[in-house]
Amino acid sequence: MISLQPAKNGYLNSLPHLIWLLLLTSPVIGQTKFVANYDENKIPAYELPAILTMQDGTPVSTAQQWREKRRPELMDLFAKQVYGRSPEACPIQSKVISTTDAIQGKALRREVDVTFGGKSDSVTMRLLIYTPKDAKASPAFLTLNFQGNHSIDPDPSISLNSNWMRNRSGITENNLSSEKSRGVAASRWPVELIIDHGFALVTIYYGDIDPDFDDQFKNGVHSALRSEASSIPNEEKWGSIAGWSYGLSRAMDYLQQDNQIDGNRVAVFGHSRLGKTSLWAGASDERFKLVISNNSGCGGAALSRRAIGETIWRINTSFPHWFCDNYPLYNENERDCPVDQHQLIALIAPRAVYVASATEDRWADPKGEFLSALQADEVYRLLGTDGMGGSAPPEKMPQADQAIRSGTIGYHLRTGKHDVTTYDWEQYIAFAKRHL
Ligand code: GCU
């Protein structure tokens, strides 16, 4: 469903305008036409929807009003207008596939298959779990990965993934896993550092849950839970981000039964589209005690109304399967969206949240990511936490590599590109030590 709100702007009043509109809305031609704005001076004037005011204008001034009225209202708006509504939780089954020592004997490494689904079908996701060797019930980072569990470490005994995988040039259904792809993403996964600090690492290939291409939801969780989702109106049905989030919650179901993990101390972490996913998972499932968004950008931590770098139109055109079918209503029309992403961060309150940006990641709008986290501060304080720390929120965005992590909302702007680095992990580990 695509609406550009043309009537409002009068685009339909003449034939040339109609042609222009058709060109703009054509995914193929539109892609070549899109020039991202990176100029702060060209950001449209905008007003953010208030976090602490109900849709009907009633102010929210107590923690109870937030909890009982405003939070459910915002959850519902994000579900129906942005990510899509997911079916209820379904039962899981688990099976241990392998157990072995790893990281020079400092860790136990297991592979556990978790299967879930509905009447029609099921999906199986393989959890790769590292736990500190002699610890009982460790706090954990739960994360999705882009290239298969075998990509996070060159260890030849990690099983190769035979599911659909993305290749560098775009979307493909080929299985690109091979011996050569072992450890290709290892720089993003400092497993030893994580273990040395007493944390477990649990990772899952995101394509196990839902392959990341637009196939009208013929596969993955959408297919497996089709009848369970059938009562949800089509325009509100879950997109892939909601599907991956749903998988994270089922992984959490499993972690709560795993006696090597402390199910009350689990952080959900994700990078980029998987950072968008960790935010939605953290908002939807309050069992996650810490939520980390690494360079999540548009549809993640960044404020959509700034329309700088990637925009709602751009993301819906490139990735029509990520969000629900209502979301394109806000293509080039951010101001009519009843929510913006600062409210998503607020939905995580009072649990700890960390938003990270990178200086060269302009596509993800680092400033918009910071402003989102900053705006959520008022809810954190209403709920009795110290928000971004100190007696009042910071007035300015911090310098690069000066992490703000003394409060319940953490933020840093790392020098460098769109990526996950050891610097990022060092901040998350330090923050997690205080909050998990
Ligand atoms: C694209 C997309 C972003 C996304 C990123 C990723 O760049 O436009 O929204 O975050 O891919 O997930 O790698």
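Which polar side-chain atom, that of Lys276, lies how many Å from an oxygen atom of the ligand? The distance from the polar side-chain atom of Lys276 to that ligand oxygen is 2.8 Å. The model toured here is predicted; local features need pLDDT of at least 70, side-chain atom pairs count only at pLDDT 80 or more, and totals for chains, interfaces and linings use all residues. Residues are numbered from 1 along each chain as its sequence is written, and side-chain values use heavy atoms, with hydrogens and water left out.

**Stop 1: the ligand**

Next, display the distances to Ser272 and Glu310. A polar side-chain atom of Ser272 is 2.8 Å from a ligand oxygen atom. In the side chain of Glu310, an N or O atom lies 2.6 Å from an oxygen atom of the ligand. Of the 320 Å² of accessible area that the ligand has on its own, the protein covers 81%; such areas come from the Shrake-Rupley method with a 1.4 Å probe, and for residues only the protein chains shown count as cover.

**Stop 2: the largest cavity**

Rolling a probe the size of a water molecule over the atoms shows where empty space is left. A cavity is a set of points, on a 1 Å grid over the protein atoms alone, where a 1.4 Å probe fits but cannot get out; its lining residues have an atom within 4 Å of a point. Grid points are joined across faces, edges and corners, and a volume is the space filled by probe spheres set on the points. The count is 2 cavities of 30 Å³ or more.

The largest cavity has a volume of about 100 Å³. To show its lining, select Leu144, Asn145, Phe146, Gln147, Ala185, Arg188, Trp189, Phe269, Gly270, His271, Leu274 and Val420. Strand E4 (138–145) and strand E6 (261–271) are the elements that give two or more residues to this lining. E6 provides the largest share, 3 residues. Helices (H or I, at least four residues) and strands (E, at least two) are DSSP runs, numbered from the N terminus. The lining comprises 7 nonpolar, 4 polar and 1 charged residues.

**Stop 3**

Move to the second largest cavity, which holds about 50 Å³ of space. Its lining is formed by Cys298, Ala302, Leu303, Ser304, Ala307, Ile308, Glu310, Trp363, Ala364 and Asp365. These residues divide into 7 nonpolar, 1 polar and 2 charged.

**Stop 3**

Return to strand E6 and select Asp262. Is Asp262 buried or exposed? Asp262 counts as buried because its relative accessibility is 19%; buried means under 20% relative accessible area, exposed over 50%, and partly exposed in between (1.4 Å probe, protein chains only). The side chain of Asp262 makes a polar contact of 2.8 Å with the side chain of Arg265. A polar contact is a pair of N or O atoms within 3.5 Å; within protein, one must be able to donate a hydrogen and the other to accept it, and residues adjacent in sequence count only if both atoms are side-chain atoms. A polar side-chain atom of Asp262 also lies 2.9 Å from the backbone nitrogen of Asn264.

Then select Asp39, in the loop between helix H3 (27–33) and helix H4 (63–83). Asp39 is partly exposed, at a relative accessible area of 28%. A polar atom of its side chain is 2.8 Å from the backbone nitrogen of Asn41.

**Stop 4: backbone details**

In the loop between helix H11 (341–346) and strand E8 (352–358), select Pro350. The peptide bond from Ala349 to Pro350 is cis, with omega near 0°.

Finish at Ala137, in the loop between strand E3 (122–132) and E4. Although not a glycine, Ala137 has a positive phi of about 45°.

Notes:
On a 1 Å grid over the protein atoms alone, a cavity is a set of points where a 1.4 Å probe fits but cannot get out, and a pocket is an open set with protein on both sides within 12 Å along at least five of seven lines; lining residues have an atom within 4 Å of a point. Ala, Val, Leu, Ile, Met, Phe, Trp, Tyr, Cys and Pro count as nonpolar, Asp, Glu, Lys and Arg as charged, and the others, Gly among them, as polar.
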